[in-house]
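In this notebook I record what I looked up in one structure, entry by entry.

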Amino acid sequence: MNQPYEILQDKCRALRLAETAKELPTFLREVEAKGWTYYEFIHEILRHEMSCRERKNSEKLMKWAEFPDVLTFENFRLEEQTAIGEKQLNVLKQLSWIDECFTLIMMGPTGVGKTHLSTALGIHAIESGYQVSFISMDRLIYVLKSKEYIGKSRTRYKRITKSDLIIIDDVMYMAYEAQDAHLFFQFIYEMYDKAAFILTSNKGPGEWGKFLGDPTLTTAILDRLLHRSEILTFSEEQDSIRMKYRKAIFDNNKVES
């Protein structure tokens, strides 16, 4: 014969309150031990259910985002950055620019923190309830070319197009065929005014034309991306932070030649 709380657990599951059902025996013991009022009891079980749902949703969004690494603000060395200061970073952390579909373009050489900053902003956005996608430009072109006949690409494309923030890493890292350039334009055209963008690149927008091979198409792309935008320029003279704080096998001070 079922215990009384097991009947309540079944009813919770029927109402899709799975986390409450799981912890219901614990809550009932707390009620008896602490003498909770009805209000306190209901408040605690609803608080618990909402907290668990928020955590699960955040975990799902992190999985869908496909960040190559979990890079957060905790280990972001703001004091070594030339492109952004504390005041500007705090403005970006407010995330209002996502709602306004702004584009952030982060320009600079390899290893200076462009990908770290973009990833940290993306994770911060997920923690605030936004859906985010992170993808390199090469991978994006592959997804756009194969979404009609490869299931994984189709799923990835749907998640990207439903995102509030799309982070495209290594934009214009190499030259692209005319077909690829047109696919990229169509993607930007489709997502214009529907999502915010972060683009990282070691090339300035003025150089993108030679990588897309079509000045007119490049102008059309930039016209949409730069309509509402902010450009963060990482100094060419800045030392590579990745190299400066890299892990090494050998301690150069101890290894003898």
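**Entry 1: a loop residue.** I began with aspartate 170, which is found in the loop between S3 and H9. The labels H and S refer to helices (H or I, at least four residues) and strands (E, at least two), which are DSSP runs numbered from the N terminus. The model is predicted, so I note that local features need pLDDT of at least 70 and side-chain atom pairs count only at pLDDT 80 or more, while totals for chains, interfaces and linings use all residues. Residues are numbered from 1 along each chain as its sequence is written, and side-chain values use heavy atoms, with hydrogens and water left out.

I looked up the backbone angle of aspartate 170 and found phi near 60 degrees, a positive value in a residue other than glycine. Most residues other than glycine have a negative phi. At 35% relative accessibility, aspartate 170 counts as partly exposed. The scale I use calls a residue buried under 20% relative accessible area, exposed over 50%, and partly exposed in between (1.4 Å probe, protein chains only).

**Entry 2: another positive phi.** Aspartate 193 is not a glycine, yet its phi is positive, at about 70 degrees. I located aspartate 193 in the loop between H9 and S4. With a relative accessible area of 43%, aspartate 193 is partly exposed.

**Entry 3: the strands.** I then turned to strand S3 (residues 165–169), where five of its five residues are buried. Which residues point one way from S3, and which the other way? Leu165, Ile167 and Asp169 point one way, whereas Ile166 and Ile168 point the other way.

I checked the neighbours of S3 by strand pairing, which requires that DSSP finds at least two bridges between two strands. S2 and S3 pair in the parallel sense over five bridges, and the bridge partner of serine 136 in S3 is aspartate 169. S3 and S4 also pair in the parallel sense, over four bridges. Here the partner of isoleucine 166 in S4 is phenylalanine 197.

**Entry 4: aromatic pairs.** How many aromatic pairs does a search of the whole structure find? The search finds three. The rule takes rings of Phe, Tyr and Trp (its six-membered ring) as paired if their centres lie within 6.5 Å; planes under 30 degrees apart count as stacked, over 60 as edge-to-face and the rest as tilted.

One of the pairs joins phenylalanine 67 and phenylalanine 134, which are tilted, at 5.9 Å centre to centre and with 55 degrees between the planes. Phenylalanine 67 lies in the loop between helix H3 (38–65) and H4, and phenylalanine 134 in strand S2 (residues 132–136), so this pair ties together parts that are 67 residues apart in sequence. Phenylalanine 67 is buried at 13% relative accessible area, and phenylalanine 134 is buried at 5%.

I also recorded phenylalanine 187 and phenylalanine 197, whose ring centres are 6.3 Å apart with planes at 85 degrees, so the pair is edge-to-face. Phenylalanine 187 belongs to helix H9 (residues 178–191) and phenylalanine 197 to strand S4 (residues 196–201), 10 residues apart. Both phenylalanine 187 and phenylalanine 197 are buried.

**Entry 5: charges over rings.** I looked for a charge over a ring (NZ of Lys or CZ of Arg within 6 Å of the ring centre and within 35 degrees of the ring normal). Lysine 93 lies over the face of phenylalanine 73, 4.5 Å from the ring centre. Lysine 147 lies over the face of tyrosine 157, at 4.7 Å from the ring centre.

**Entry 6: helix H11.** Leucine 225 lies in helix H11 (residues 215–225) and is buried, with a relative accessible area of 1%. I noted that leucine 225 and isoleucine 198 are 27 residues apart in sequence and 9.9 Å apart in space, C-alpha to C-alpha.

Entry 7: I looked up the largest cavity, whose volume is about 80 Å³. On a 1 Å grid over the protein atoms alone, a cavity is a set of points where a 1.4 Å probe fits but cannot get out, and a pocket is an open set with protein on both sides within 12 Å along at least five of seven lines; lining residues have an atom within 4 Å of a point. Grid points are joined across faces, edges and corners, and a volume is the space filled by probe spheres set on the points. Of the 13 residues that line the largest cavity, Cys101, Thr103, Tyr192, Asp193 and Arg224 are the closest to its centre. H9 and H11 are the elements that give two or more residues to this lining.
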